[in-house]
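Please open the model in your viewer and keep the selection tool at hand.

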Amino acid sequence: MLVIVVENAPPRLRGRLALWLLEVRAGVYVGKVSRRVREMIWNTVEQGIEEGNAVMAWSTNTESGFDFLTLGANRRIPFELDGVKLVSFLPENAEKQVAEP
């Protein structure tokens with residue numbers, strides 16, 4: 001199972017995602033694809049996200065049963081603790097600071 005959520009994504013990227021996955025809500029895509037197709041889809045997201053942000057989660061053989069990647073400015077910052085991926089929240093104003101170089 002694969003889930004991709006995009007925010008502020010350009011329409012052409014959303015259309016491209018809809019070719020491979022089912023859009024169950026605005027910006028939420030689900031499907032069952034191979035690892036190779038998943039990596040190709042994420043590469044497409046990386047190239048087309050522009051000013052938006054995205055997260056991709058998929059089922060895998062880990063302690064939690066899933067793994068995920070994030071892209072773009074967001075208050076949620078993933079980190080790993082003892083081999084388990086967790087999510088930390090930044091203060092509300094910190095999102096803008098993270099996006100700026």
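A residue counts as buried when its relative accessible area is under 20%, as exposed when that area is over 50%, and as partly exposed in between. The model shown here is predicted.

Begin by selecting Phe66, which lies in strand β5. Its relative accessible area is 41%, so Phe66 is partly exposed. Display its surroundings next: leaving aside residues up to four places away in sequence, Phe66 touches Trp58, Ser59 and Thr60. Then draw a distance from Phe66 to Pro11; their C-alpha atoms are separated by 28 Å, and the two residues are 55 apart along the chain.

Proceed to the largest nonpolar core, which has 15 residues. Select Leu2, Ile4, Val6 and Leu17, the residues with the most contacts inside this core. Now centre the view on Leu2. Beyond residues up to four places away in sequence, its contacts include Leu21, Tyr29, Ile41, Met56 and Trp58.

Finally, turn to the largest pocket, with a volume of about 310 Å³. Which residues lie nearest its centre? Select Ala54, Val55, Thr70, Asn74 and Arg76 to display them; the pocket is lined by 14 residues in total. By type, the lining divides into 8 nonpolar, 4 polar and 2 charged residues. To see where the lining comes from, highlight β1 (2–7), β4 (53–59), β5 (66–71) and β6 (76–81), each of which supplies at least two of its residues.

Conventions. Residues numbered from 1 in each chain as written. Predicted model: local features only at pLDDT ≥ 70, side-chain atom pairs only at ≥ 80, totals over all residues. Heavy atoms only, no water. 1 Å grid on protein atoms, 1.4 Å probe; cavity = no way out; pocket = protein on both sides within 12 Å on 5 of 7 lines; lining within 4 Å. Points joined across faces, edges and corners; volume = space filled by probe spheres on them. Helix = DSSP H or I, 4+ residues; strand = E, 2+ residues; numbered from the N terminus. Nonpolar A, V, L, I, M, F, W, Y, C, P; charged D, E, K, R; others polar. Core = buried A, V, L, I, M, F, W, Y, C linked by side-chain atoms within 4.5 Å. Buried < 20%, exposed > 50% of the residue type's maximum accessible area, 1.4 Å probe, protein only. Contact = heavy atoms within 4.5 Å.
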